[in-house]
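Visitor: I would like to learn how to read a few features of a protein model, taking one at a time. Could you give me the general idea first and then the case at hand?

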Amino acid sequence: MIATHSVRKIVVLGTGGTIAGQSALLSDNIGYVAAQVGIEALMSSIPGLAEHVKAYELVFEQVAQVDSKDMDEAVWGRLAQRTAHALAQPDVQGVVITHGTDTIEETAFFLQSVLPANKPVVLTCAMRPASALSPDGPQNLLDALSLVMDVQGRGVLVVCAGVVHAADHVQKIHTYRLDAFSSGEAGPLGWVEEGRVRWSGAPISRPRPLWDVSALPAVGAWPQVEIVMNHAGSTGAVVQALVQAGVRGLVAAGTGNGTLSQPLTAALQQAMASGVRVLRTTRCLQGPVISPPRSVADAPVTDSIAVAQGLSPVKARIALQLALMGLPPAP
């Protein structure tokens, strides 16, 4: 689109994913190859796009072109820096990011942790490839643009199938259906209906970022943090192998209320004694880990492992990784 200085801009950053996927068959919504269509071509194929954003100029940038199962810290670093650069421009209304569904909740939480919350950053995705007979990507993109243009939009949000989610709470909960995401007990922030946003309640103050995006280290300096899961027959073998491999942090996805088997607990305590940081959360889709009130003498050994407050295992991993970097707090 032709640049016009008097028109506000919306920056659209592409990272690949199913929304940019292609298949040889229109009826194939599973056997496609993700991350094939460039962001400008993807956007230009949306019917009614120009009318939808007629008051804005769209600026496109291909930050990455990956299947989101392969999302990594290298892409996160570039994406955070490019998003921060766009948000710092006075004529930019906000940013839309196209992403794969598999790890969109992780990218959203990471970006919320390092980006300013004064403008909207909206991630969207698709469960069907761009080549599908009835793709869901175009509507999701229009909904993302509607969110950016809404006066109440702030901070990092995710929209899919017309439902608006907070980065803190969004989780992918279904393998196939178009409405594949949930915000659990917190519920959605709102809905996009015919280009208008209906918020679920009063305007919500988005969380301030914890860390300064400008201080992110080079990818090779990001500490290794892994997730281990408690399950029937769980041992400490995986923990021991990860510690030997040089892991700096571990997130234990416990059963139920963050419970861990005795062998796994013992291995995690040994890891902590060797300098590895450990957080405990739950593999349950809903509910935080709640520590019961009791005296120190009565507390189970598991309670000696710090709890990731209300975070899923994958988001707790990101929080611990950022904490281990020793970044300065956000300004």
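Visitor: How many salt bridges does the count come to by this rule?

Guide: A salt bridge is a side-chain nitrogen of Lys or Arg within 4 Å of a carboxyl oxygen of Asp or Glu, and by this rule the count comes to 7. The model is a predicted one, in which local features need pLDDT of at least 70 and side-chain atom pairs count only at pLDDT 80 or more, while totals for chains, interfaces and linings use all residues. Residues are numbered from 1 along each chain as its sequence is written, and side-chain values use heavy atoms, with hydrogens and water left out.

Visitor: Which residue forms a salt bridge with Asp-91, and which parts does the pair tie together?

Guide: The partner of Asp-91 is Lys-9, with the closest N and O atoms 3.4 Å apart. Helices (H or I, at least four residues) and strands (E, at least two) are DSSP runs, numbered from the N terminus. Asp-91 lies in the loop between helix H3 (73–87) and strand S3 (92–98), whereas Lys-9 lies in strand S1 (residues 8–16), so the pair ties together parts that are 82 residues apart in sequence.

Visitor: Where is Asp-136, and is it buried or exposed?

Guide: Buried means under 20% relative accessible area, exposed over 50%, and partly exposed in between (1.4 Å probe, protein chains only). Asp-136, in the loop between strand S4 (120–124) and helix H5 (137–149), is buried yet has no salt bridge, the nearest side chain of opposite charge being that of Arg-128, 5.4 Å away. For the charges, Lys and Arg count as positive and Asp and Glu as negative, with His and the chain ends not counted. The backbone nitrogen of Arg-128, however, lies 2.9 Å from a polar atom of the Asp-136 side chain.

Visitor: In what order do the strands of the open sheet stand?

Guide: Strands of a sheet pair through backbone hydrogen bonds, either parallel or antiparallel. Two strands count as paired if DSSP finds at least two bridges between them. Here 3 strands form an open sheet in the order S11-S12-S13, with parallel pairing. Strand S11 (225–229) and strand S13 (277–282) stand at the edges with a single partner strand each, so one side of each is left without a neighbour in the sheet. Between strand S12 (residues 249–254) and S13 there are 6 bridges, and Leu-250 stands opposite Val-278 in S13.

Note on methods. Polar contact = N/O pair within 3.5 Å; in protein donor to acceptor, adjacent residues only side chain to side chain.
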